[in-house]
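Biologist: I'm new to this structure and would like a close look at one part: the aromatic rings and what surrounds them. Could you walk me through it?

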Amino acid sequence: MTIDPAAEAERVIAEILADFRSGRHRGVVVDSPPGAGKSTLVVRTAVALASAGERLIIVAQTNEQVDDLTTNLSAALPTGLMIGRLASSTYVRPARLAALTNVLFDKDLGNLLSCEIVIATAARWAYVKDRCWPWAIVDEAYQMRSDSLLAIAPRFERALFVGDPGQLDPFSVVENDRWRGLSWDPMQSAVAGLLRTNPDLPVHRLPVSWRLPASAEKVVATAFYPYTGFRTGAEPGDRELTFGTRAFGRSALDALLAEAATTGWGFYELPARHTLRTDAEAVSTVAEVVRRFLERGAIARSGNDSRPITAQRIAVGAAHRDQAAALREALSDLPDVTVDTANRLQGREYDLTVVLHPLSGRRDATAFHLEAGRLCVLTSRHRQACVVVGRAGIRELLDAHPSSEPVHLHEPVKFPDGWAANQTVMNHLYAHRVVA
């Protein structure tokens, strides 16, 4: 029997809301695959509580995430209810929030206490003292460090923790070996620390990704969610990528576009070479791929709705900030294209993504470059197609650098293994390879 994905998702969300609002638990954890509606769940839960006369706080990890949630909450909140946007003195209100009439902005919490919902970053909440709310929602909880949760835990009685376990863990430039394996390791995620000390808390899983096309379901689920899996809300044929200029040329670049349009994936393989991190040829190629999609007038169809893929609907991803800077320079004539690292692209959605493979041109495969969460973010932002650019030899590099991370006593083993996830993705990409 085929289960309607919308009905299955609604059933799980109803269970989450009932479990959380019952008050039986101090915390409820919700795991989510990419694009499964984390933000929708946060907004829906907040509106339900506020409409019932409850007061709550919302915690996110970046100002961008807070501003996005504020926009969505503002549209969903019933008339008469208010949102308080707590920010620092250096915060600059984005233009999209300027016209919201049910949002108060202030750096002083005392001026926002009349609001049913108060929202801010975890860093800003850490400065709040001597206040406590009955309810809290923590968004992108797997991005949050456990010490950050410890700093704000006195601010609420019970909380809903929502996040994606397959994406990037908290990151620090400080060596953390001295804490590895300890229950109070500050570099473990908030959810990992929470469940380690409270193993009886309920964990729910959102079952459907509404972002990813059907072509991405198997590879993303196998590589990054091997023990939980998920399904996509889009059936084969529901999404289609076409071009205003239908006649393809004979170049490798046009062959790549045809492969991406047909299968949802493309791997553009440059000649093998050890390069600098900001490989000029690879950077130039990524920019050419983006320009060619726009020149060809790419059109995205989802169900019965079709729209042109504009520069605003394209993202370019890389592993390092210097690579992102070089890519921005190469695409300076297209400022509306989003170019950033995986850390900054996390949680965002586009029609098309073009990725510079983290292992392209490298002599070694370090733990940073094998991080499963990084590759998961880069290959799961798209609604239509994902194109990866990299040099030949990545599979051989993986074979030469198997996982060799030290094992720390009392530290839970992290799944999926980054090396295995990279192998799974590369095996998939090679079936969609176009050689430059």
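Modeller: Happy to. By the pairing rule, the count comes to five aromatic pairs; rings of Phe, Tyr and Trp (its six-membered ring) pair if their centres lie within 6.5 Å, and planes under 30 degrees apart count as stacked, over 60 as edge-to-face and the rest as tilted. One of them joins Phe20 and Trp135, with ring centres 5.1 Å apart and planes at 75°, so this pair is edge-to-face. Phe20 lies in helix H1 and Trp135 in strand S6 (residues 133-138), so the pair ties together parts that are 115 residues apart in sequence. Both Phe20 and Trp135 are buried, where buried means under 20% relative accessible area, exposed over 50%, and partly exposed in between (1.4 Å probe, protein chains only).

Before going on, a word on the source: this is a predicted model, where local features need pLDDT of at least 70 and side-chain atom pairs count only at pLDDT 80 or more, while totals for chains, interfaces and linings use all residues. Residues are numbered from 1 along each chain as its sequence is written, and side-chain values use heavy atoms, with hydrogens and water left out.

Another aromatic pair is formed by Phe267 and Tyr430, and this one is tilted: 5.8 Å centre to centre, with 35° between the planes. Phe267 sits in strand S12 (residues 265-270) and Tyr430 in helix H15 (residues 418-430), so here the parts tied together are 163 residues apart in sequence. Phe267 and Tyr430 are buried as well. Helices (H or I, at least four residues) and strands (E, at least two) are DSSP runs, by the way, numbered from the N terminus.

Now back to Phe20 and its helix. H1 (residues 5-21) has 17 residues and reaches 24 Å from its first C-alpha to its last, close to the 24 Å expected at 1.5 Å a residue; that expected span is 1.5 Å times one less than the number of residues. The buried residues of H1 are Pro5, Ala9, Val12, Ile13, Ile16, Leu17, Asp19 and Phe20. They cover an arc of only 165° around the axis, which puts them on the same side of H1; the arc is that of the directions from the helix axis to the C-beta atoms. Just after H1, Gly23 takes a positive phi of about 75°.

Arg93 lies over the face of Phe105, 3.9 Å from the ring centre, and the charged end of Arg296 sits over the ring of Phe243, 4.8 Å from its centre. The rule there is NZ of Lys or CZ of Arg within 6 Å of the ring centre and within 35 degrees of the ring normal.
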